[in-house]
Amino acid sequence: MCDMDPLTPEEERLLADLKDALAAAQHPQRQLIVANAQDAFNYGDLEDELAHLVYDSLLEDDLVRSVRAAEVSRMVVFECQALTMELELRGREIIGQIGPPGPATVIVETSDGTLTTVQADALGCFTARASDPQGLLRFRVTRPGSSAITEWTYGPKQS
Amino acid sequence: MRGTDEPTVAMLVSAATSGERSAWNEIVERFTPLLLATARKYRLSDHEVADVAQTVWLHLVEHLKDLREPAALPGWLVSTTRHECLRTIGRNERQRPRDLHSTFENDLVTPDIAADVAEDIDRLSRQQAVLAGFAELPESDRRLLRLLISDPPLTYAQISAQLNIPIGSIGPTRGRALDRLRATEAVSQLVDSDT
């Protein structure tokens with residue numbers, strides 16, 4: 001840095017402390033953590049039941065993961081009282097099945113606010129396309145009498 | 001001293017308590033680093049840290065109204081994060097054979113054993129104080145300071161281009177930002193305890 005105004009030793013120390021602190025605060029999924037935390041604000045008055053991530057192929061042991069990685073796909077399962085949702089995320093393609101089986105409306109939401117609506121068939125199956133395979137995604141499922149929303153998750157390209 | 005239309009943490013807390021979503025978003029954005037740096041100490045996996053973070057924020061939504069003093073927020077976040085990390089470690093310990101050597105929990109409750117543990121704790125409290133202070137700063141200060149410590153370092157010309165401010169004003173602006181950081185409650189207490 002071309003320094004026309006050198007730092008005082010005190011300033012230097014503070015800046016070094018800040019650098020150390022921010023380095024300690026790094027996390028590879030920071031964006032996901034912030035997005036989910038910001039959503040937490042609504043839980044109290046939200047009608048939707050929150051479906052938690054209960055399985056993620058990215059978190060499997062290395063052997064299985066390397067096989068999956070070769071396929072460039074990722075399996076995730078979300079669960080709440082009303083339903084379970086199994087998803088295969090492959091490139092931009094999303095293949096899902098909702099249990100118990102039955103028709104439902106599925107809204108795919110990305111962190112930039114894009115919404116895509118698709119219908120699940122009588123078996124609870126649906127397909128959709130992600131506008132950005134690397135960004136964050138979540139799914140809102142509505143059926144007569146119930147609606148649920150998943151936590152945010154990464155698209156398949158993120159590891 | 002402070003940028004005029006920039007909300008303080010106290011204002012954010014009270015706005016979030018009365019239901020203002022954008023204030024909540026800002027709180028999360030500003031304080032996530034404090035939470036993550038606190039959790040790092042416990043050597044959990046990235047996934048576990050993400051779970052801890054989500055649990056802590058969910059608790060905060062419920063307890064926002066109980067925070068009598070907005071100034072209590074950083075301390076509340078640190079202690080709740082610590083608590084959730086220890087809970088996660090406790091769960092892990094029950095699931096695997098006990099490690100004879102140590103648990104992180106022991107390291108923490110008996111910090112008198114080794115000098116490096118004490119040093120570790122000192123470093124953590126320094127990080128926590130600086131991050132709590134950093135969260136108080138106006139956005140423009142936070143951006144500038146982040147650029148100044150980026151790795152690899154940026155030249156003044158690059159910083160000037162990114163922030164759209166003249167090169168000549170970077171030095172003085174930096175000085176004012178650091179002054180504000182030093183004047184925050186968390187950091188000023190740290191400076192006092194140094195002397």
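The crossing of H7(B) and H9(B) is left-handed, a term used when the near helix is turned anticlockwise from the far one by less than a right angle, with right-handed used if clockwise. The model is predicted, with local features requiring pLDDT of at least 70, side-chain atom pairs counting only at pLDDT 80 or more, and totals for chains, interfaces and linings using all residues. Residues are numbered from 1 along each chain as its sequence is written, chains are lettered from A and ligands numbered from 1 in the order in which they are written, and side-chain values use heavy atoms, leaving out hydrogens and water.

Helices are DSSP runs (H or I, at least four residues), numbered from the N terminus. In chain B, helix H7 (residues 139-148) packs on helix H9 (residues 170-183) at an angle of about 110 degrees, and their axes lie 10 Å apart; axes are lines fitted to C-alpha atoms over the stretch in contact, and angles run from 0 to 180 degrees between N-to-C directions. H7(B) is therefore roughly perpendicular to H9(B), the class for angles of 65 to 115 degrees.

Between chain B and chain A, 45 residues of chain B are in contact (heavy atoms within 4.5 Å) with 37 residues of chain A. The buried area is about 3,900 Å², of which carbon and sulfur atoms give 65%; this is the accessible area (1.4 Å probe) that two parts lose on being put together, summed over both.

Five salt bridges (a side-chain nitrogen of Lys or Arg within 4 Å of a carboxyl oxygen of Asp or Glu) are found across this interface. The side chains of B:Arg21 and A:Asp39 form a salt bridge at 3.5 Å, N to O.

Definitions and conventions: Helix = DSSP H or I, 4+ residues; strand = E, 2+ residues; numbered from the N terminus. Parallel < 35°, antiparallel > 145°, perpendicular 65-115°, else oblique.
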